[in-house]
Amino acid sequence: MNDWLLVAAMALVTFSIRYVLLAFSGRIQLSPTLVRALGYVPPVVLTAIVVPAVVFPDGETLWLGWQNARLVGAIACVFLALWRKNLLLTIAGGMAMFWGWGWLVGHLR
């Protein structure tokens, strides 16, 4: 029973925080500097999630070698994104490079 109360309380707190911000969103005027700064939040958060997963694939050891398929796929994503500026192509190309490189390196061993 305590587990259900904890989950319900967490849901209530989460809903309350979001509801209050949404309820007052039309009445709050943010400065242009803050709006411009908030535009950097999604890339920074995505970078903070992706980079450790790429360079620390096992969670502990830094791996920057050519055999790291995650790193090769991520580098391919960066080049594709800068070259074509197409999100779907970037994702598909990066995954293809990741899988292909992983398969190639696995067969070279």
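A polar contact is a pair of N or O atoms within 3.5 Å; within protein, one must be able to donate a hydrogen and the other to accept it, and residues adjacent in sequence count only if both atoms are side-chain atoms. The model is predicted, so local features need pLDDT of at least 70 and side-chain atom pairs pLDDT 80 or more, whereas totals for chains, interfaces and linings use all residues. Residues are numbered from 1 along each chain as its sequence is written, and side-chain values use heavy atoms, without hydrogens and water.

**Exercise 1. Determine which residue caps the N-terminal end of H4, and check the span of this helix.**

Step 1. Helices are DSSP runs of H or I with at least four residues, numbered from the N terminus.

Step 2. The cap is asparagine 68, which places a side-chain oxygen 3.1 Å from the backbone nitrogen of arginine 70.

Step 3. The expected span is 1.5 Å times one less than the number of residues. For the 16 residues of H4 (residues 69-84) this gives 22 Å, and the end C-alpha atoms are 22 Å apart, so the two values agree.

**Exercise 2. Identify buried residues of H4 and state what covers them.**

Step 1. Buried means under 20% relative accessible area, exposed over 50%, and partly exposed in between (1.4 Å probe, protein chains only).

Step 2. Ala69, Leu71, Val72, Gly73, Ala76 and Leu80 are buried in H4.

Step 3. Their cover includes helix H3 (41-55) and helix H5 (87-108), where contact means heavy atoms within 4.5 Å.

**Exercise 3. Characterise lysine 85, which follows H4.**

Step 1. Lysine 85 lies in the loop between H4 and H5 and is exposed, with a relative accessible area of 66%.

Step 2. Its side chain reaches the backbone oxygen of leucine 82 at 3.2 Å.

Step 3. Most residues other than glycine have a negative phi. Lysine 85, although not a glycine, has a positive phi of about 55°.

**Exercise 4. Classify the 1 aromatic pair found in the whole structure.**

Step 1. Rings of Phe, Tyr and Trp (its six-membered ring) pair if their centres lie within 6.5 Å; planes under 30 degrees apart count as stacked, over 60 as edge-to-face and the rest as tilted.

Step 2. The centres of the phenylalanine 15 and tyrosine 19 rings are 5.8 Å apart and their planes stand at 20°, so the pair is stacked.

Step 3. Both residues belong to helix H1 (residues 2-23); being 4 residues apart, they are separated by about one helical turn.

Note on methods
Helices (H or I, at least four residues) and strands (E, at least two) are DSSP runs, numbered from the N terminus.
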